[in-house]
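Have the viewer open as you read.

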Amino acid sequence: MSRVAKKPVALVKGVEVTVQGEMINVKGPKGTLSIAKPAGIEIKIENDQAQFSTNDPALVPMTGTLRAILANMVKGVSTGFERKLELVGVGYRASMQGKDLNLSLGYSHPILFTPPAGITITTPSQTEIVVSGVDKQLVGEVAAKIRGYRPPEPYKGKGVKYSDETIIRKEAKKA
């Protein structure tokens, strides 16, 4: 058994995990999430903990992956996930138009981004974007898509960057 899969997942108060056939459902105060369970992996839920086990040596890595995904699902439905982005550059702005995100990133046209269901986008200031939701993978995917409209460039550092990201600067060409 992998080291990750041996650790039990602690179920927070208010979070309910149910296994129905080949589906794992996690329900909490922020919403519900579900994932397909591979055949051959057993899940025991007792004493507010979920324990994983398998007899197939080929499924040992998948057991650890499933345990990590379930731990993220439990955290997501209890507290949620968020990713902060910053806009660096003169004239780079972000604002909300209803549910859509309006980005001015130095192009000749504004970029309208419609978030998928389950994702909330807020703009505390014109140069900050906060992407939040219950699904860690979807929050990261949406943040990466917004960052992809104008990734930070290495010479001036302009673009959309994660708040905890450091841009390694390059020296400009000398005459």
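Begin at F81, which stands opposite G133 in β12. Its surroundings are β7 (residues 81–88) and β12 (residues 128–133), antiparallel strands joined by six bridges. Strands here are DSSP runs of E with at least two residues, and helices are runs of H or I with at least four, numbered from the N terminus; two strands pair if DSSP finds at least two bridges between them. A word on the source: this is a predicted model, in which local features need pLDDT of at least 70 and side-chain atom pairs count only at pLDDT 80 or more, while totals for chains, interfaces and linings use all residues. Residues are numbered from 1 along each chain as its sequence is written, and side-chain values use heavy atoms, with hydrogens and water left out.

Now widen the view. The open sheet has four strands in the order β11-β12-β7-β13, with antiparallel pairing. β11 (119–122) and β13 (159–162) are at the edges with a single partner strand each, so one side of each has no neighbour in the sheet. On average, neighbouring strands are turned by 25 degrees against each other, direction ignored. Helix α3 (residues 136–148) packs on this sheet and touches β7, β11, β12 and β13, its direction making about 10 degrees with that of β7. Contact means heavy atoms within 4.5 Å; axes are lines fitted to C-alpha atoms, for helices over the stretch in contact, and angles run from 0 to 180 degrees between N-to-C directions.

Next, the rings. Phe, Tyr and Trp rings (for Trp, the six-membered one) pair if their centres lie within 6.5 Å, and planes under 30 degrees apart count as stacked, over 60 as edge-to-face and the rest as tilted. The count by this rule is one aromatic pair. The ring centres of F113 and Y149 are 6.3 Å apart and the planes are at 70 degrees, so the pair is edge-to-face. F113 belongs to strand β10 (residues 111–113) and Y149 to the loop between α3 and β13, so the pair ties together parts 36 residues apart in sequence. F113 is buried at 6% relative accessible area, whereas Y149 is partly exposed at 25%; buried means under 20%, exposed over 50% and partly exposed in between, with a 1.4 Å probe and protein chains only.

Charges meet rings too. R83 lies over the face of Y162, 4.1 Å from the ring centre, and the charged end of R150 sits over the ring of Y107, 4.2 Å from its centre. The test asks for NZ of Lys or CZ of Arg within 6 Å of the ring centre and within 35 degrees of the ring normal.
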